[in-house]
There are 2 protein chains.
Amino acid sequence: MALMNKVQNIVVLYGWRRNAFLLSSSRSISTFATGCDNRILKSPSLVSLDFPDVWSSSSTNYSEPVMDKLASEHTARIIDGKQVAEEIISKVANEVTRMKKTSGEVPGLGVILVGERKDSIIYVHNKIKACEEAGIKFKLTEFSDNCTDDEVCDAIMQFNVDPSFHGILVQLPLPQHLNEEKILNVVKFDKDVDGFHPMNMGNLAMRGREPLFIPCTPKGCVELLIRYGVEIMGKKAVVIGRSNIVGLPASLLLQRHHATVTVVTALTSNPEEITREADILISGVGVPNMVRGSWVKPGAVVVDVGTYPIEDKSCEQGYRLIGDVCYEEASRVASLITPVPGGVGPMTVAMLLYNTLESAARKYNFVLTS
Amino acid sequence: MALMNKVQNIVVLYGWRRNAFLLSSSRSISTFATGCDNRILKSPSLVSLDFPDVWSSSSTNYSEPVMDKLASEHTARIIDGKQVAEEIISKVANEVTRMKKTSGEVPGLGVILVGERKDSIIYVHNKIKACEEAGIKFKLTEFSDNCTDDEVCDAIMQFNVDPSFHGILVQLPLPQHLNEEKILNVVKFDKDVDGFHPMNMGNLAMRGREPLFIPCTPKGCVELLIRYGVEIMGKKAVVIGRSNIVGLPASLLLQRHHATVTVVTALTSNPEEITREADILISGVGVPNMVRGSWVKPGAVVVDVGTYPIEDKSCEQGYRLIGDVCYEEASRVASLITPVPGGVGPMTVAMLLYNTLESAARKYNFVLTS
């Protein structure tokens, strides 16, 4: 019953109209025996099952770390994503220079930014800066909040046909009124440096297949694990969250690396019982400090993909970023941990540049240093 | 160390040459600090990570159920896949009749069978029989064991362009020398009634997306769960095995139904500890009687996708099929269980017919009874 309450809360909180499904679904089961329901299959369409993941209020209220409980002197080793990302970007820059010398070409990235979201503007700014650093050609096409699907699709199609762009990135999330699926599907499969095309996602999921691009954030997480000597094969990995951008591809990628993967969602009861079993814990839900020290297995590796702005007037921008993981608590339990900021964030940018370089290399038959 | 032994066993047993990867992967990690390795990323290609799942010998040796340990009087309710499948096929038949009256058209299924595998021949035979029963047009194209990729691809392309075929099925597995990926990718996305095209798999994985077809076996499993009133949302589901045909799509589909899903592989240590937590347990590895009663949580729902022929001269065909699950033991613990045969098998065929019907309905704008 607790679960149904949770679901009802979702419906109430979000004015979500899918309760029709819940009713019809249970009706179809109960009427099956009486033969009143003439549908061939009882299975609903998958899209009708989709609703937003709402994490329970007990875990979503931001609360400060409980330091007095932390008697342990132990502190996890920090995974320095910033340093690794800088190193990768510098190597990408070398390859771009070499490509230019060999073929006269440089990789090009087209970026679409819609609206005025502060975080999106910052992310795009960071990507521009990194492209400049690496010598990657960059073009930003901006739209106002009230633009149409067609305007955005037209811009993508221009990048699709322009041979000097090897990667196209649509900064997400898009404003609600736009059709994300339709827009992302316009991105040419072989310029989909974000790896969000279903064809790339399918090839990421299926053994024996190789996607042209792996989504940047999960790819950055696994690259960090490998660089810090974390064995993935045979380990228990838990991914918190199942977004198309982070949770889903992270779980698929860890499976390809032979981890035993569990995906925890907002509907999982007692998620901490599951996360406490994880050798590798990746969280990507955007709920500040949700993952407490007590959620972490001693010695586990914790990768925090969440970023959430918290007002802080002492900071230059007026806010600071915090992650899904209560760092102060978790770092007393884990063996390795990524900080926020300076953990996964910079790696996402580095992987975007790498994917763009790789796309250009594929086109020009340029062999990357290996 | 147990894990590395397991992996070495795999390499030794299968003459698998990917140990090169294992060596190079560990080398890259160890040399990172010294700066000798100049690769931009340390992450290997995904295909280089693929190797066959070999279940440990302790679990793969067929052993008879231990009945004397089973003091319990409890017996699980049987999920009668045969009966449900018959009901679905009869409804599909009604719809085919209605479609023929309305549009003059019937759904058509093209099937490719390569080689002389006994099990494949039986499966194809069952599919032909079911198509005849439902009034679905059927064409079988057969090839000898030593045919070429091109021959098989040509046959698929003929089905692709023939408007009277709405579904194409390539009976798997194909002989080793054929390129399965290349062949399956030739199947037109909108005739891919098996749901194995990466585009369909990607759309199955991604929330907000709807694949044109869901792979028949997992779709049949979930249809059974729904019909037997099993709540999936919020439940812990464990899928044993991660094949592209069963394990992977089953885990993705259960996630779309909001289960908390763990995928157990041959590299998972102590799989029984994980399966004992499962409210819903789906096994699809083809290892007879691997899942013992002690692997099952009391009251769990057990779905057995495995089919394995065991010599039995008392049977008409000289063998009988047994599943991954030790039925006698598990049925004393579970609340609901599928038998082998008569559980998931017939549902796979029924879902194939349904997918073919749906494909034709989509083409002719024929509205299915709902």
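1. A helix over a sheet. Please keep in mind that this is a predicted model. In chain B, helix α6 (residues 149-161) lies across β2, β3 and β4, and its direction is at about 175° to that of β2(B).

2. Chain B has an open sheet of three strands in the order β3-β2-β4, with parallel pairing. Its edge strands are β3 (137-143) and β4 (167-170) of chain B, each of which pairs on one side only. On average, neighbouring strands of this sheet are turned by 15° against each other, direction ignored.

3. Seven bridges join β2 (residues 108-114) of chain B to β3(B) in the parallel sense.

4. The interface. How much area is buried between chain A and chain B? The value is about 7300 Å², and carbon and sulfur atoms give 61% of it. A:Ile40, A:Leu46 and A:Arg207 supply 12% of the area that chain A buries against chain B, more than any other three residues. In terms of contacts, 79 residues of chain A touch 80 residues of chain B.

5. On the side of chain A that touches chain B, helix α8 (residues 198-205) of chain A gives the most, with seven residues. That side divides into 40 nonpolar, 20 polar and 19 charged residues.

6. Strand β6 (residues 260-264) of chain A pairs with strand β6 (residues 260-264) of chain B in the antiparallel sense, over three bridges. Here A:Val261 has B:Val263 in β6(B) as its bridge partner.

Key: Residues are numbered from 1 along each chain as its sequence is written. Chains are lettered from A and ligands numbered from 1 in the order in which they are written. This is a predicted model: local features need pLDDT of at least 70, side-chain atom pairs count only at pLDDT 80 or more; totals for chains, interfaces and linings use all residues. Side-chain values use heavy atoms; hydrogens and water are left out. Two strands pair if DSSP finds at least two bridges between them. Helices (H or I, at least four residues) and strands (E, at least two) are DSSP runs, numbered from the N terminus. Axes are lines fitted to C-alpha atoms, for helices over the stretch in contact, and angles run from 0 to 180 degrees between N-to-C directions. Contact means heavy atoms within 4.5 Å. Buried area is the accessible area (1.4 Å probe) that two parts lose on being put together, summed over both. Ala, Val, Leu, Ile, Met, Phe, Trp, Tyr, Cys and Pro count as nonpolar, Asp, Glu, Lys and Arg as charged, and the others, Gly among them, as polar.
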